[in-house]
Amino acid sequence: MCAMSPTVYLVGAGGQLGAAVQARPNPSWVLRPLTSAEIDITDPASVARALTDLGPGDVVLNCAAYTNVDGAQTDVGRAFAVNRDGPANLARATAAAGAWLIHISTDYVFAGAAATADAPRRTVPYEPDEPTGEPETVYGASKLAGERASMAADPRTTIVRTAWVYTGGPDSPDFVGTIRRLESQRDELSVVDDQTGSPTYALDLAAGLAELIAAGPGPTTCGVVVHATNAGAVTWNQVARAVFEELGADPARVRPCTTADFPRPAPRPAFSVLSGSSWAAAGLTPLRDWRQALHAAVHSAGAGVG
């Protein structure tokens with residue numbers, strides 16, 4: 001089990017999830033935020049310097065990642081350096097110190113391919129132990145490589161896969177924040193209605209991670225892969241319509257379109273819903289329904305985090 005007051009090294013403290021973790025301080029932790037200016041996870045020497053005091057009972061929470069899905073298609077070396085080599089470097093450090101690495105991963109590790117004549121569209125959420133297949137993007141492939149590399153370097157590593165993370169503030173660059181701004185700028189919007197996933201409020205995910213850390217590296221939480229998203233499965237179009245509703249706007253102004261209408265350099269999964277059963281099986285509180293979380297994100301003061 002973790003010490004009574006572990007030091008939690010928050011890697012990626014300058015990002016969206018890192019900001020959410022810092023917005024929910026925990027009196028049982030000594031939180032040490034580390035931004036990219038303070039630790040370069042692709043450089044083993046930088047990792048060693050930043051984690052020089054790391055010891056048994058401490059936690060390294062890795063929220064750092066190369067998340068530019070389209071950019072990764074051409075920036076392959078950098079994507080793999082951050083998403084594969086970085087977690088491996090952290091895992092070697094936790095293994096040597098007897099600390100616990102919690103590494104954040106993504107739904108993109110699953111192929112999530114669109115339906116074909118030979119393979120109907122998937123409708124069943126993914127479980128952690130399912131074969132991932134071959135991810136369709138460099139981003140997904142690099143994140144899957146990072147999962148494998150970190151667990152190989154430190155088998156006690158816990159992988160937490162999540163999806164569609166947002167903070168939802170009016171100035172947030174994420175999907176919900178973008179839709180909030182566009183509502184006041186456009187009469188109508190076209191948003192894809194053939195990609196299904198589970199939107200996840202960053203503050204809810206941060207609270208879940210806090211519970212995981214408090215539980216400690218036990219048999220159900222250590223050396224496992226778990227999924228943590230807000231409950232439910234919706235399309236991007238449905239999320240956008242819900243944002244309009246929360247703003248008191250007419251959701252009919254959000255028109256459905258297909259992925260083919262807006263081609264991107266990196267293909268998006270047609271279905272990437274993650275099952276929450278592994279999270280509950282670990283004795284952790286399931287994250288609330290996505291619609292309740294969206295309401296909180298749009299209307300609470302915490303929506304501006306990140």
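These legends describe several close-up views of a predicted model.

The model is predicted: local features need pLDDT of at least 70, side-chain atom pairs count only at pLDDT 80 or more, and totals for chains, interfaces and linings use all residues. Residues are numbered from 1 along each chain as its sequence is written, and side-chain values use heavy atoms, with hydrogens and water left out.

**View 1**
Helices (H or I, at least four residues) and strands (E, at least two) are DSSP runs, numbered from the N terminus. Two strands pair if DSSP finds at least two bridges between them. Axes are lines fitted to C-alpha atoms, for helices over the stretch in contact, and angles run from 0 to 180 degrees between N-to-C directions.

**View 2**
Strand 1 (residues 7-11) pairs with strand 3 (residues 59-62) in the parallel sense, over four bridges. Valine 8 has valine 59 of strand 3 as its bridge partner. Tyrosine 9 stands opposite valine 60 in strand 3. Strand 3 also runs parallel to strand 4, and four bridges join them. Here asparagine 62 stands opposite histidine 103 in strand 4. Both faces of strand 3 are covered. Val59 and Leu61 are buried on one side, Val60 and Asn62 on the other. Buried means under 20% relative accessible area, exposed over 50%, and partly exposed in between (1.4 Å probe, protein chains only).

**View 1**
Contact means heavy atoms within 4.5 Å.

**View 2. Helix 1 meets helix 7.**
The axes of helix 1 (residues 16-23) and helix 7 (residues 202-215) are 8 Å apart, and the two helices pack at an angle of about 65°. Helix 1 passes helix 7 in a right-handed crossing. A crossing is left-handed if the near helix is turned anticlockwise from the far one by less than a right angle, and right-handed if clockwise. From helix 1 come Gln16, Leu17, Ala20, Val21 and Ala23. They meet Ala202, Leu203, Leu205, Ala206 and Leu209 in helix 7. By class, this contact has nine nonpolar, one polar and no charged residues. Ala, Val, Leu, Ile, Met, Phe, Trp, Tyr, Cys and Pro count as nonpolar, Asp, Glu, Lys and Arg as charged, and the others, Gly among them, as polar.

**View 3. Serine 105 and threonine 162.**
Serine 105 lies in strand 4 (residues 100-106). Serine 105 is buried, with a relative accessible area of 4%. Leaving aside neighbours within four places in sequence, serine 105 is in contact with Lys143, Glu147, Ile159, Val160, Arg161 and Thr162. Threonine 162 is found in strand 5. Threonine 162 counts as buried at 5% relative accessibility. With neighbours within four places in sequence left aside, the contacts of threonine 162 include Ser105, Asp107, Thr200, Leu205 and Leu274.

**View 4. Tryptophan 164 in its loop.**
Tryptophan 164 sits in the loop between strand 5 and strand 6 (165-166). Phi of this residue is near 50°, a positive value in a residue other than glycine. Tryptophan 164 is buried, with a relative accessible area of 12%.

**View 5. Aspartate 194 and two cysteines.**
Aspartate 194 is found in the loop between strand 7 (189-192) and strand 8 (196-197). Aspartate 194 is partly exposed, with a relative accessible area of 25%. Leaving aside neighbours within four places in sequence, aspartate 194 is in contact with Arg121, Cys257, Thr258, Thr259 and Ala270. Aspartate 194 and arginine 84 are 110 residues apart in sequence and 30 Å apart in space, C-alpha to C-alpha. Cysteine 257 is buried, with a relative accessible area of 9%. Cysteine 222 counts as buried at 15% relative accessibility. The structure holds zero disulfides (a disulfide is a pair of cysteine sulfur atoms within 2.5 Å).
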